[in-house]
Amino acid sequence: MTEKKTKTKEKKFIKVDDVDQKEPKKVTRTTKAERREKATGKRVAAVIFWLLGIACEIVAILLLCRKLYVTDDKLLMWVLIAFAADLVFIIIGSQFWKRANDVDPASEENKVKFWLWNQMGLIVACLAFLPVIIVLLLNKQLDGKTKKIATAAAVVGLLVAGLVSFDYDPISAEEREAAETTFEGEAIYWTQWGKKYHLYEDCQAFHGSENIFVGTIESAMDAGRTSLCAFCEKRLHDGN
Ligand SMILES: [Zn+2]
């Protein structure tokens, strides 16, 4: 006979920093230069993955133009493999890019620059699929079936890479600065998934989350938790 587990899930608080859950304490804030340094590794990784993605696209173009020769029966397979690798590299690169921008966000002062910087992943996704789509559409040597399937695959690749690389809610340097000032030294909570950070250890959004991380607002933001939970925000304003 197996014993039934009736116990409700215990929440486990995992301390990321030495913060006091009752009293805010003084913390040394990182400077802009330190944040930039922390983000550099992620930015370099993003660029490397993006270049690998574009290299795969170049291989696909060389295959389609028959500069890189494979037999006809293998052509479509290799082109699809190149597209798949292209997509994976672009997506990984874009995740590194987004994480770097959580750690070291761009200033909102110049709106155009802010958009372009945050949506670099989307721009690279276009670079990684649009040229090969044009090559496919202009190609006259390919048989109809290969051309159709390869074009469809490249369009799907472009859409998926674009949607996944797009940053739907980028934080700005000003927003991060303001949040760090407001919640300096306080215990901040976040869970394994999502983009939210919380102010209360018993927030109703934690329902079902087993592991809750506790740390400073800086650690929360570095972990990509850059927007304040709506429940916690309301509770803060209601003052209870
Ligand atoms: Zn909350």
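In this protein, confidence is lowest in strand 1 (residues 12-15), with a mean of 92, and highest in helix 4 (residues 120-138), with 98. Confidence here is pLDDT, the predictor's value for each residue, from 0 to 100. Helices (H or I, at least four residues) and strands (E, at least two) are DSSP runs, numbered from the N terminus. Over residues 1-6 the pLDDT is below 50, and beyond near neighbours in sequence this stretch has zero contacts in the model; a contact means that the C-beta atoms of two residues, placed from the backbone, lie within 7 Å. For the protein, the mean pLDDT is 93, and 96% of the residues reach 70 or more.

The model is predicted: local features need pLDDT of at least 70, side-chain atom pairs count only at pLDDT 80 or more, and totals for chains, interfaces and linings use all residues. Residue numbers start from 1 along each chain as its sequence is written.

The protein is divided into domain 1 (12-29 + 184-238) and domain 2 (32-165), with bounds from an automatic or database domain assignment. Between the C-alpha centres of domain 1 and domain 2 there are 35 Å.

Three strands form an open sheet with mixed pairing, in the order 1-4-2. Two strands pair if DSSP finds at least two bridges between them. Strand 1 and strand 2 (188-191) are the edge strands, each pairing on one side only. Strands of a sheet pair through backbone hydrogen bonds, either parallel or antiparallel. Strand 1 and strand 4 (residues 211-215) pair in the parallel sense, over four bridges. Lys12 stands opposite Asn211 in strand 4.
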